[in-house]
Amino acid sequence: MALPKPGCRSAHSMIRADEQRMALRDYLQVIRRRRWIIVAAALIVPIVMTLWSMTRTPVYEGSAKVLLSRQNLATTLTGVADPTASTTSETLVQTQAEVARVPEIADRVLDELGRTDLSAGELLGASKVAVATDSEVLTFSVRDSDPAFAQDGATSYAEQYAAYREELDTASIVSARRAVQNRLDRLEQDGEEDSALYASLAKREEELGTLQTLQTSNATVVQAADSAPQVSPKPVRDAIIGLVLGLVVGIGIAFLRESLDTRVRTADEVSELLGLPLLGRVPKFAKGSETSGLITHDQPAGIHAEAFRMLRTNVEFAMLDREVRSVMFTSALAEEGKSTVSANLALAFARAGYRVTLIDLDLRRPRIAPIFGIDRRRGWTDLVLERTSLERALFRAPLLPGMPVEQSNQSNGSSNGADRGRLDVLAAGAVPPNPGELATSPALQRILGELEERSDLMLVDTPPMLQVGDALSL
């Protein structure tokens with residue numbers, strides 16, 4: 001069996017801790033992003049519950065308490081063992097709580113209070129018998145919209161139970177006394193009042209009568225209902241419950257909405273979903289600074305130019321172990337900035353000493369020519385149709401502010417006076433009626449091959465991938 005390496009356990013613990021922190025951070029981000037759903041639920045649910053609570057009919061509850069005991073005078077006087085002596089207190093109390101729920105006791109309560117509009121089942125449904133923990137006390141409660149009935153009903157319920165329990169406790173003595181009395185009546189009818197049997201039975205009947213008198217109930221009302229406070233509705237309590245419920249519902253809806261939301265919100269999510277490294281992030285252009293789109297040329301010392309220089313460096317690292325001569329730029333939809341990024345990145349590479357060729361193959365909505373301010377009437381389509389030569393179709397872009405745009409053949413390979421590489425731009429030219437077929441014409445490979453030979457790096461701007469198939473074909 002291999003032994004774990006020193007420090008493995010601590011490393012695994014650190015990894016688990018990092019995962020937990022990331023999970024907690026993700027949860028907090030979801031709550032922050034969907035906070036308005038949570039706030040709305042936390043406001044709406046308590047308000048609804050409070051309004052609902054205020055419209056309900058008030059309910060009052062009266063409570064009375066009954067003490068249970070185990071005394072059995074009959075077994076004490078006769079010396080017979082009590083069969084219930086081995087019963088635990090919990091079992092005894094629970095049994096008596098079940099006995100208290102018989103409909104006969106409810107009928108007696110209704111008869112005593114004169115409530116003919118209620119049935120025994122309705123009274124039992126509006127009442128309960130609670131068992132106190134670690135005690136032999138039963139609590140009788142009655143709820144009703146009338147506080148007087150709730151108070152009187154609880155007291156009557158407890159009293160009728162005590163009377164019913166007394167009847168159960170003395171039932172055997174009453175039954176035995178009735179049997180002895182019936183036998184004495186028959187002896188009197190037979191004229192045997194002076195017999196020894198009659199005298200013995202008369203003595204027995206007297207003992208049973210004394211025993212019945214001494215036998216008290218094992219259930220005693222120790223506290224009658226002296227009031228019936230309102231137990232429902234309670235708007236404050238319902239509002240607090242609604243607040244807690246609203247938070248739970250709001251958080252649940254927030255996470256459900258988050259799970260159904262397929263939008264990608266952060267650059268880290270893009271990198272994670274694609275399984276590709278993030279090469280750079282460009283700040284959003286301020287208003288008024290995107291007139292040409294070539295902000296690297298207009299503001300070479302600005303934060304945007306620095307962002308493109310960082311992107312250029314990261315692309316160089318990505319190409320370090322690869323023979324990369326061409327890079328294609330595309331996007332999901334239009335107006336996402338792919339042409340602006342490709343133009344500024346091409347200028348950043350050229351300033352770093354690269355011989356760069358930027359090609360506009362977005363033949364549906366070409367944007368490279370307006371960005372550089374060059375003639376859009378001559379470009380890629382003219383090369384495919386052999387209307388012009390490669391040298392005349394290319395335009396040499398200025399690397400520094402103040403330099404003019406020139407045709408490539410007029411500069412004789414110079415870099416506009418700056419020894420920092422060069423940037424040749426091939427515009428799309430006239431928009432053809434069949435851009436999809438023209439972008440994948442047989443002349444494509446030949447022209448791209450010629451451009452690669454005269455460049456260190458070729459950047460190609462293409463249409464959005466989710467709107468047309470040109471980029472996929474390329």
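Start with a pair of helices: H2 passes H9 in a right-handed crossing. By class, 17 nonpolar, 5 polar and 2 charged residues make up the contact of H2 with H9. Keep in mind as you look around that this is a predicted model.

How do you describe such a pair? Two packed helices are described by the angle between their axes and the distance between the axes. For helix H2 (residues 35-55) and H9, the angle is about 145° and the axes are 7 Å apart.

Pro233 sits in the loop between strand S5 (230-232) and helix H9 (235-260). The peptide bond leading from Ser232 into Pro233 is cis, with omega near -5°.

Now move along to strand S7 (residues 355-360). Is S7 mostly covered or mostly open? Mostly covered: 5 of its 6 residues are buried. Then try Ile359, whose bridge partner in S11 is Val460.

Leu358 turns up again in the largest nonpolar core. In soluble globular proteins, nonpolar side chains tend to be buried together. Here, the largest nonpolar core has 29 residues, and Leu358, Phe372 and Leu423 are the ones that touch the most other members. Which elements build this core? Helix H12 (303-318), H13, S7, H14, S10 and S11 each supply at least two residues. H13 gives the most, with 6 residues.

So who does Leu358 actually meet? Leaving aside neighbours within four places in sequence, Leu358 is in contact with Ser342, Ala343, Ala346, Ile368, Phe372, Leu423, Asp424, Val425, Leu426 and Leu459.

Finally, let's visit some loops.

| Residue | Loop | Relative accessible area |
|---|---|---|
| Glu335 | between strand S6 (326-329) and helix H13 (338-351) | 67% |
| Gly373 | between helix H14 (368-372) and H15 | 58% |
| Glu386 | between helix H15 (380-384) and helix H16 (390-393) | 64% |

Why does Glu335 count as exposed? Because its relative accessibility is 67%, and the cut-off for exposed is over 50%. Glu386 is exposed as well, because its relative accessible area is 64%. Gly373 counts as exposed because its value is 58%.

Phi of Glu335 is near 65°, a positive value in a residue other than glycine. Glu386 has a positive phi too, near 60°, and it isn't a glycine either.

As for Gly373, how far is it from Leu294 in sequence and in space? The two are 79 residues apart in sequence, and 9.9 Å apart in space from C-alpha to C-alpha.

How values were computed:
Residues are numbered from 1 along each chain as its sequence is written. This is a predicted model: local features need pLDDT of at least 70, side-chain atom pairs count only at pLDDT 80 or more; totals for chains, interfaces and linings use all residues. Side-chain values use heavy atoms; hydrogens and water are left out. Helices (H or I, at least four residues) and strands (E, at least two) are DSSP runs, numbered from the N terminus. Buried means under 20% relative accessible area, exposed over 50%, partly exposed in between (1.4 Å probe, protein chains only). Axes are lines fitted to C-alpha atoms, for helices over the stretch in contact, and angles run from 0 to 180 degrees between N-to-C directions. A crossing is left-handed if the near helix is turned anticlockwise from the far one by less than a right angle, and right-handed if clockwise. Ala, Val, Leu, Ile, Met, Phe, Trp, Tyr, Cys and Pro count as nonpolar, Asp, Glu, Lys and Arg as charged, and the others, Gly among them, as polar. Two strands pair if DSSP finds at least two bridges between them. A nonpolar core is a set of buried Ala, Val, Leu, Ile, Met, Phe, Trp, Tyr and Cys residues joined through side-chain atoms within 4.5 Å. Contact means heavy atoms within 4.5 Å.
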